[in-house]
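Reader: I have a model open and want to read it feature by feature. Where do we begin?

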Amino acid sequence: MVGRLEGKNAIVTGAAGGIGLETTILMLREGASVLMADISDEGLNKALSKVNSVVPASTRTGKVETKVVDVSNESHIEAAVAHLDAWGGLDIIFNNAGIMHPKDGDSEECPEDIWDRTMNINVKGVWYGSKHAVRAFRRHGKKRASVINTASMVALVGAATPQLAYTASKGAVLAMTRELAIVHAREGFRFNSLCPAPLNTPLLQDWLGDDKEKRFRREVHFPTGRFGEAVEQAHAVIFLASDESSFVNATDFVVDGGLTKAYVTPEGPATEAPKNLAA
Ligand SMILES: NC(=O)c1ccc[n+]([C@@H]2O[C@H](COP(=O)([O-])OP(=O)(O)OC[C@H]3O[C@@H](n4cnc5c(N)ncnc54)[C@H](O)[C@@H]3O)[C@@H](O)[C@H]2O)c1
């Protein structure tokens, strides 16, 4: 059977864990070649061995490689995109790397250096990824290409547990992605934002730790009674990356179990969560 991304070349940033790692695995299963990009060399090595055990080389048609990339450094992004020139050129970029800093807070609490760092990674990183993707698509004469930028549901609803820099950065991702989508629509380059709900990944769970009150304050808002799993985001990314979504452009693609549409949520046990592929 031909994969849904057969023959396509993809870059995934933030590929060492969470959504990025799950997406890498699914992309390989669907026939893509993937460059896993992340700031953590150690994280990439661990992630690559996981990928090779879940999707062994004998079962895939595409290749997988890793590259240490700081998305806030334009020359790193440019080099990562250029790396795929030898593969036939970039078709898909998933600008997914992002941080949510523990020192982030309300307008009084958030230090300026944390604000700047968050913007540099979460916003500039997405800009650089989008910019060099467009250059590569043009360089290789691509007529169909897909850019998926990770925003967050916190860019759509307010929260009384503020992370001002993070929220502002994700709002910028939505606005920037929408504009890029319109600018490049007639070239066949699609841009969509992914808006995940709070997830069961280290980014959030390490920060919540054992604090039951902090956890409950968030969990109660989920209609399904549970946080999302990274693999549930990855499935959405595969759709947005593939030609199946050829008429889906400029969307705030919300994958949140209904959270942003809920007022009072049901009681009772939570639904069963799917297992992450790298678990
Ligand atoms: N986890 C959540 O609850 C949640 C909710 C909404 C949106 N998101 C967003 O989803 C994306 C992925 O998050 P995740 O939950 O998979 O987190 P994660 O922490 O598991 O993965 C993030 C990855 O990004 C990498 N990274 C950090 N800074 C980088 C940089 N400067 N350059 C390159 N790589 C860098 C990290 O090393 C890590 O591997 C982020 O943009 C995040 O803001 C997460």
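This is a predicted model: local features need pLDDT of at least 70, side-chain atom pairs count only at pLDDT 80 or more; totals for chains, interfaces and linings use all residues.

Reader: Which residues come nearest to the ligand?

Author: Start with the shell. There are 31 residues around the ligand, and Gly-14, Gly-18, Ala-97, Gly-98 and Leu-203 come nearest. Two elements give two or more residues to this shell: helix 1 (18–29) and helix 6 (202–208).

Reader: How many residues of the shell are nonpolar, polar and charged?

Author: The shell has 16 nonpolar residues, 13 polar ones and two charged ones.

Reader: Now the core. Which residues touch the most other members of the largest nonpolar core?

Author: That core has 74 residues, and Ala-10, Ile-11, Val-34, Met-36 and Val-237 touch the most other members. Helix 4 supplies the largest share of the core, nine residues. Take Val-34 as a case. Leaving aside neighbours within four places in sequence, Val-34 is in contact with Ala-10, Val-12, Thr-24, Met-27, Leu-28, Gly-62 and Val-64.

Reader: How do I read the geometry of helix 4? What span does helix 4 reach, and what is expected?

Author: Helix 4 covers residues 112–139, 28 residues in total. Its first and last C-alpha atoms are 38 Å apart, close to the 40 Å expected at 1.5 Å a residue. Then look for a bend. Helix 4 bends by about 30 degrees at Lys-124. Just after helix 4, Gly-141 takes a positive phi of about 60 degrees.

Reader: And helix 5? Which residues of helix 5 are buried?

Author: First the general idea. An α-helix has 3.6 residues a turn, so residues three or four places apart point the same way. Now the case. Helix 5 (residues 164–183) has 20 residues and reaches 29 Å, close to the 28 Å expected. Its buried residues are Ala-165, Tyr-166, Thr-167, Ser-169, Lys-170, Val-173, Thr-177, Leu-180 and Ala-181. The cover over these buried residues includes helix 4, strand 5 (145–150) and strand 6 (189–196).

Reader: Strand 6 holds Cys-195. Is Cys-195 buried or exposed, and why?

Author: Count C-beta neighbours. Cys-195 is buried because 24 of them lie inside 10 Å, and the cut-off for buried is 20 or more. Its contacts beyond four places in sequence include Ala-151, Met-153, Leu-156, Phe-253 and Val-255. Ala-236 lies 41 residues away from Cys-195 in sequence and 10 Å away in space, C-alpha to C-alpha.

Reader: Where is Gly-31, and why does Gly-31 count as partly exposed?

Author: Gly-31 is in the loop between helix 1 and strand 2 (33–38). Gly-31 counts as partly exposed because it has 17 C-beta neighbours inside 10 Å. Contacts of Gly-31 beyond four places in sequence include Val-2, Leu-5, Glu-6 and Thr-61. Leu-180 is 149 residues from Gly-31 in sequence and 27 Å away in space, C-alpha to C-alpha.

Reader: What phi does Ala-250 have?

Author: Ala-250 has a positive phi of about 65 degrees, although it is not a glycine. Ala-250 is found in the loop between helix 8 (230–241) and strand 7 (252–255). Ala-250 is partly exposed, with 16 other C-beta atoms within 10 Å.

Reader: One last residue. Where is Lys-214?

Author: Lys-214 is in helix 7 (residues 212–219). Lys-214 is partly exposed, since 13 other C-beta atoms lie within 10 Å. Thr-161 is 53 residues from Lys-214 along the chain, and their C-alpha atoms are separated by 9.3 Å.

Key:
Residues are numbered from 1 along each chain as its sequence is written. A residue is near a molecule or strand if its C-beta atom, placed from the backbone, lies within 6 Å of it. Helices (H or I, at least four residues) and strands (E, at least two) are DSSP runs, numbered from the N terminus. Ala, Val, Leu, Ile, Met, Phe, Trp, Tyr, Cys and Pro count as nonpolar, Asp, Glu, Lys and Arg as charged, and the others, Gly among them, as polar. A residue is buried if 20 or more other C-beta atoms lie within 10 Å of its own, exposed if 12 or fewer, and partly exposed in between; C-beta atoms are placed from the backbone. Two residues are in contact if their C-beta atoms, placed from the backbone, lie within 7 Å. The expected span of a helix is 1.5 Å times one less than its number of residues. The bend at a residue is the angle between axes fitted to the seven residues ending there and the seven starting there. A nonpolar core is a set of buried Ala, Val, Leu, Ile, Met, Phe, Trp, Tyr and Cys residues joined through C-beta atoms within 7 Å.
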